[in-house]
Amino acid sequence: MRLDAAAIKRGCGNSDIKSFHHLCGPELDQFHAAAKTEGQLTVACTYQQSLFEAEAGGGAAPIAFANIRETAGWSTEGAQAGPKMAALLAASAVQAPDYPLVTLESDGVILIYGRDEAAIEAGRLLSDHLDVTVMLREFGEIAAPVATPFPVVKGTIRTARGHFSAFELTIDDYARPRPSSRDHYLFENPRSGVTSHCDIVLDLSGERPLFPAHDLRDGYLRADPKDPSAVLRTVLSARDLVGRFDKPRYIEFTPDLCAHSRSNLTGCHRCLDLCPTSAITPAGNHVAINAEICAGCGQCAAACPTGAASYALPPADIQLHTIRAMLLAYHQAGGSNPILLLHDGQHGTPLIDVLARHGDGLPAEVIPLAVNEVTQVGLEAVIGAFAYGAAAFRFLLRGKPRHDVTGLAQTVGMAEAILSGLGFDGRRVATMETDDPDALLEQLKGIGQFTAVKTPATFKTVGKRRDLLRFALSELHRLAPKPVDVIALPQGAPIGAVNVDTAGCTLCLSCVSVCPTGALRDDPERPVLKFVEDACVQCGLCQSTCPEKVITLKPQIDFHAGRAAAVVIKEEEPALCIRCGTAFGVKSTIDRIAAKLEGRHWMYPAGDKRLDAIRMCADCRVIVMSEQQFDPFEGVPERAPPRTTEDYLHRPDSKT
């Protein structure tokens, strides 16, 4: 392949660029010398990565690797791929921090759930490696064995929960075989509601999966019992599931930032709606994320409006730094109007490799970026990419995704609304669902010619997703073809304002007490309701809490909200205590209460001095009532005597 060293030098201007013909062979000494130098070393070859790592030994320089062959050089447009090579090399130099791990320990206790001899045969293959129990859902004329190397029982799994190394199954119609079984199995009387625990579940029942998004549930293996090769592959996978295993703790969660619930009312539930494995559950005012079940799709972190859930593989700011490095290097190397293609390693990388080896390869302007999960990518990454000079953004998905991708669809919808509102023409952000490399190439060629911003931004920031998004939006607004001030967003967007029907608002300030971000505020000196749009995450707690139901959400982006002061939604005169002058409420509310009670309630006859107590603060009200020996039962009509707790406790028909 052709190496445009000049373009790479322009894109990676602070680096010493050297090119070779056979670095892993006759020129290996050149690598040895580079590995001993100070600073970071990047090798533009992943084919011999293991060789270079072994040869580096304890070298002074940390080594990064970048694949510029299948992703850039091996293409019919490889001669024009110099800027893309610079972009890939720059991205590989961005170092991601270590991520936390969750340790799971399996003793090899496996339940094989089937309906015929295929399950028993799977048990025979695994009995020397695992602690096997076979449970058959339906029993025909199955011959009883001479010996029992592992238990065979019957039963139907009613519910299943848990995770690898800690599954819990509830079983109906459970029964053990009788020892007296002769030519075929005979069973004891069945029982229902039996609980079973195991480390691994091998499902050969051919029925519906026991778990949602079952492909993502570690330790739950499933195969079609009519497909012997699939059963054998699954058996071989199960055989190795003994010992200690580390998996990434994909999500870092800060409960105090969660806007799920307040005062037993539900607010934000985006993560609960999006989690494909049901790893997220309500836990009081916040949610809880089971790291053992979490499969790392990242949709919860991408949708979380407060940053309570954040992705760790890598963090959002590191991902944005990578995109920044790629696009800045691409433009500095002389490239223009790049298309950023995000894909995962399991599906996207093999597809790109096949296209490079057996097809035309990727177009020169298409820059691939591998991520752990495509659905982990949030709005801040997309908006940041366009601010950095991307002309289009594509997500590569499987033809049939392994789990629901609603969260990604919402991200795409919001990005399209923002870009369209700012004057970026055409379909700039979209998904591509295919398992065919040729179809991938056709879709990439069909994107068309889009123009990036004239002078890409260079900002670099750190922090949570919301901080990154705020800055990226500000920069994109500055560079946009049509920088309008306000853009309406789709329902469910985590950015926006609130509409309050001020005529119905009583300034009870219940909304202020539940607002998790301080977007709604009061004033300790006066009855006033204020709003800070930049802090609103559209959780809906104010809307569900408002007793008058006068609050509605308004998803939008106001590009000036970040610099705007708190807006006064409603303000009224305070009610001053007629005895001490202390402000204790809202004057209009106190006047309305007094008007409704005076002369219309037996406790407050027209012109009676009792009515003055309503216009006093709580302290003065108690003092006056004590001084006047106020009797709340005085004047009660005889036909309706007041009832006390004692009256109800001593009623003849009371069951208390």
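View 1. Helices here are DSSP runs of H or I with at least four residues and strands are runs of E with at least two, numbered from the N terminus. You're looking at a predicted model, where local features need pLDDT of at least 70, side-chain atom pairs count only at pLDDT 80 or more, and totals for chains, interfaces and linings use all residues. Residues are numbered from 1 along each chain as its sequence is written, and side-chain values use heavy atoms, with hydrogens and water left out. The C-alpha trace spans about 105 × 85 × 45 Å along its principal axes. Of the 656 residues, 46% count as buried (under 20% relative accessible area, 1.4 Å probe, protein chains only).

**View 2. Helix 5 against helix 10.** Residues 82–92 and 316–332 pack at an angle of about 150°, axes 7 Å apart (lines fitted to C-alpha atoms over the stretch in contact; angles run from 0 to 180 degrees between N-to-C directions). That makes helix 5 roughly antiparallel to helix 10, a label for angles over 145 degrees. On the helix 5 side, the contact includes Pro 83, Lys 84 and Leu 88; helix 10 brings Thr 322, Met 326 and Tyr 330, among others (contact means heavy atoms within 4.5 Å).

**View 3. Phe 459 and its neighbours.** Phe 459 sits in the loop between helix 14 (437–445) and helix 15 (465–479). This residue is buried, with a relative accessible area of 8%. Leaving aside residues up to four places away in sequence, Phe 459 touches Arg 324, Ala 387, Tyr 388, Phe 471, Ala 472 and Glu 475. Glu 475 is 16 residues from Phe 459 in sequence and 8.2 Å away in space, C-alpha to C-alpha.

Key: Parallel < 35°, antiparallel > 145°, perpendicular 65-115°, else oblique. Buried < 20%, exposed > 50% of the residue type's maximum accessible area, 1.4 Å probe, protein only.
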